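Open the model in your viewer and keep the selection panel at hand.

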Amino acid sequence: IAGGLVISNYDEGPLEKIKVFVSTHPVPDGRSIEAAEMMMTALSGLSRDDVFIYLLSGGSSSLLEKPILPLTLHNLQEMSNMLIQGGLTIEEMNVVRKHLSLVKGGKLARLTEARGVVLVISDVIGDDLETIGSAPLYYDRSTFHDAFAILSRDGLWDALPLSIRSLLEQGLAGDL
């Protein structure tokens, strides 16, 4: 093992050659962004000859977050609370989250040429790989139209922060 990074919502103490970083769940905070930046740096620093092992578990949607600019952490926190209180399923919440993030919906995988293995611990009924942890290393078939339909159907669209609506509208128009 050349090195590693563990991102969790609890601290198991130091590990040899592996950095442990404590993030947060179920609503992202500054640690979530810092965790995403560390993971982005770690994966983008791997070469084509490197091999990584990524353990993906439920909760990663909050533990690892990097909003698309100009979104702010505060915008995502507001939205996360709305989605949780709005009674959406985890599948629905993660469709929305994937369209507002630089690491979800397979975007994290695009940062490396290294080969890897993803080990998945599912907390999702049916074990849908597009849903677990918002799929940072797995492709995403959902669209901005899907996110809009979910938010509109559940009456959340008008309550969203303007910056989030604006970004989703850019996606709906094909500008993202």
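**Stop 1: the cavity**

This is a predicted model. It holds one cavity of 30 Å³ or more, and the volume of this largest cavity is about 40 Å³. To find the place, select Glu65, Leu76, Met79, Ser80, Arg97, Leu100 and Ser101, which line the largest cavity. Now colour helix 3, residues 73-85: three residues of the lining come from helix 3, the largest share. By type, the lining of the largest cavity divides into three nonpolar, two polar and two charged residues.

**Stop 2: the pocket**

Next, clear the selection and pick Leu5, Val6, Ile53, Tyr54 and Leu55. Of the 32 residues that line the largest pocket, these five lie nearest its centre. The elements giving two or more residues to that lining are strand 1 (4-8), strand 2 (18-22), helix 1 (30-44), strand 3 (51-57) and helix 2 (60-63).

The space in the largest pocket comes to about 1,000 Å³. Colour the lining by residue type and the largest pocket shows 21 nonpolar, nine polar and two charged residues.

**Stop 3: valine 6**

Stay with one of the residues nearest the centre of the pocket, Val6. Valine 6 is found in strand 1. Is valine 6 buried or partly exposed? Its relative accessibility is 32%, so valine 6 counts as partly exposed; a buried residue would be under 20%. Show side chains around it: apart from neighbours within four places in sequence, valine 6 is in contact with Leu15, Ile18, Lys19, Val20 and Phe21.

**Stop 4: aspartate 127**

Select aspartate 127 next. Where is it placed? Aspartate 127 sits in the loop between strand 4 (115-121) and helix 5 (144-153). With a relative accessible area of 48%, aspartate 127 is partly exposed, as the label exposed needs over 50%. Setting aside neighbours within four places in sequence, the contacts of aspartate 127 are with Ser122 and Ile132.

Draw a distance line from here back to the previous stop. Valine 6 and aspartate 127 are 121 residues apart along the chain, and 22 Å separates their C-alpha atoms.

**Stop 5: the whole chain**

Now zoom out and switch to a cartoon view. The protein has six helices and four strands. Followed along the sequence, they give the pattern β-β-α-β-α-α-α-β-α-α.

Show the C-alpha trace alone. Along its principal axes the trace spans about 50 × 35 × 30 Å. How does the radius of gyration fit, and what value would a compact globule have? With 176 residues, a compact globule would have a radius of gyration near 16 Å, so the 16 Å of this protein agrees.

Of the 176 residues, 43% are buried.

Conventions
Residues are numbered from 1 along each chain as its sequence is written. This is a predicted model: local features need pLDDT of at least 70, side-chain atom pairs count only at pLDDT 80 or more; totals for chains, interfaces and linings use all residues. Side-chain values use heavy atoms; hydrogens and water are left out. On a 1 Å grid over the protein atoms alone, a cavity is a set of points where a 1.4 Å probe fits but cannot get out, and a pocket is an open set with protein on both sides within 12 Å along at least five of seven lines; lining residues have an atom within 4 Å of a point. Grid points are joined across faces, edges and corners, and a volume is the space filled by probe spheres set on the points. Ala, Val, Leu, Ile, Met, Phe, Trp, Tyr, Cys and Pro count as nonpolar, Asp, Glu, Lys and Arg as charged, and the others, Gly among them, as polar. The radius of gyration is taken over C-alpha atoms; the globule rule is 2.2 Å times the number of residues to the power 0.38. Buried means under 20% relative accessible area, exposed over 50%, partly exposed in between (1.4 Å probe, protein chains only). Contact means heavy atoms within 4.5 Å.
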